[in-house]
Amino acid sequence: MSEVIGEEATYYQYRLLRKSYISRPVIWSYVSLALIMFFISLLFFTWFGVLCYFLSFITMIWVHFVISRSVLLLSKRYLQNWSFSRRLPWIGMVPTQYVNYHFFSKMHLHITWISLVLIFIFVIAGPIAFSINLLFWHFWLLLPRFYCICWLFRERKDGLLKVTSQDISYYIQ
């Protein structure tokens with residue numbers, strides 16, 4: 001029986017190229033940016049700014065979710081490999097398994113530009129406090145992903161990325 005399993009099984013051998021650990025001070029620095037923006041909103045826009053702060057956070061998470069879900073649905077093969085995370089620093093859609101680095105960067109490029117267009121519409125049509133907070137939350141939510149993309153900029157683009165709450169790993173097959 002074990003011989004049959006050995007013949008039919010598929011073995012994947014990945015070689016780790018780079019690994020970056022996410023330390024607690026980095027996460028606390030990341031959270032402190034949000035707290036600083038909270039106090040800036042309170043200082044410059046009073047309680048209306050605080051309301052816009054929370055509404056823009058919810059709005060931007062929803063916008064990122066809709067865009068990433070749409071990209072995943074259009075790709076048709078990656079949907080089951082992604083899930084919504086509420087853990088810092090990866091708030092939003094994150095890969096639960098190995099994901100192609102090229103697809104990871106392409107998806108976040110779509111999220112970046114489509115969200116910036118929507119923020120520009122809010123700059124024209126909405127209050128300035130809401131627009132500034134939207135812009136802040138957009139970059140705050142994408143900051144760990146941008147770090148990951150910049151960290152792997154000089155590496156081969158055909159590798160696989162594994163994202164966990166403690167580290168980022170880059171493998172090649």
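Helix 2 has a kink of about 140°, centred on Phe-45; the bend at a residue is the angle between axes fitted to the seven residues ending there and the seven starting there. Keep in mind that this is a predicted model, where local features need pLDDT of at least 70, side-chain atom pairs count only at pLDDT 80 or more, and totals for chains, interfaces and linings use all residues. Residues are numbered from 1 along each chain as its sequence is written, and side-chain values use heavy atoms, with hydrogens and water left out.

**Helix 2**
- Helix 2 has 52 residues, yet its end C-alpha atoms sit only 34 Å apart, short of the 76 Å a straight helix would reach at 1.5 Å a residue (1.5 Å times one less than the number of residues).
- Helices here are DSSP runs of H or I, at least four residues, and strands are runs of E, at least two, numbered from the N terminus.
- Just after helix 2, Lys-76 takes a positive phi of about 65°.

**The cavity**
- The count comes to 1 cavity of 30 Å³ or more, a cavity being a set of points on a 1 Å grid over the protein atoms alone where a 1.4 Å probe fits but cannot get out.
- The largest cavity is lined by 13 residues, with His-64, Ile-91, Gly-92, Met-93 and Arg-145 nearest its centre; lining residues have an atom within 4 Å of a point.
- Helix 2 gives the most to this lining, with 4 residues.

**Confidence**
- Mean pLDDT, the predictor's confidence in each residue from 0 to 100, is 86 for the protein, and 92% of its residues reach 70 or more.
- Over residues 1-6 the pLDDT is below 50.

Note on methods:
Contact = heavy atoms within 4.5 Å. 1 Å grid on protein atoms, 1.4 Å probe; cavity = no way out; pocket = protein on both sides within 12 Å on 5 of 7 lines; lining within 4 Å. Points joined across faces, edges and corners; volume = space filled by probe spheres on them.
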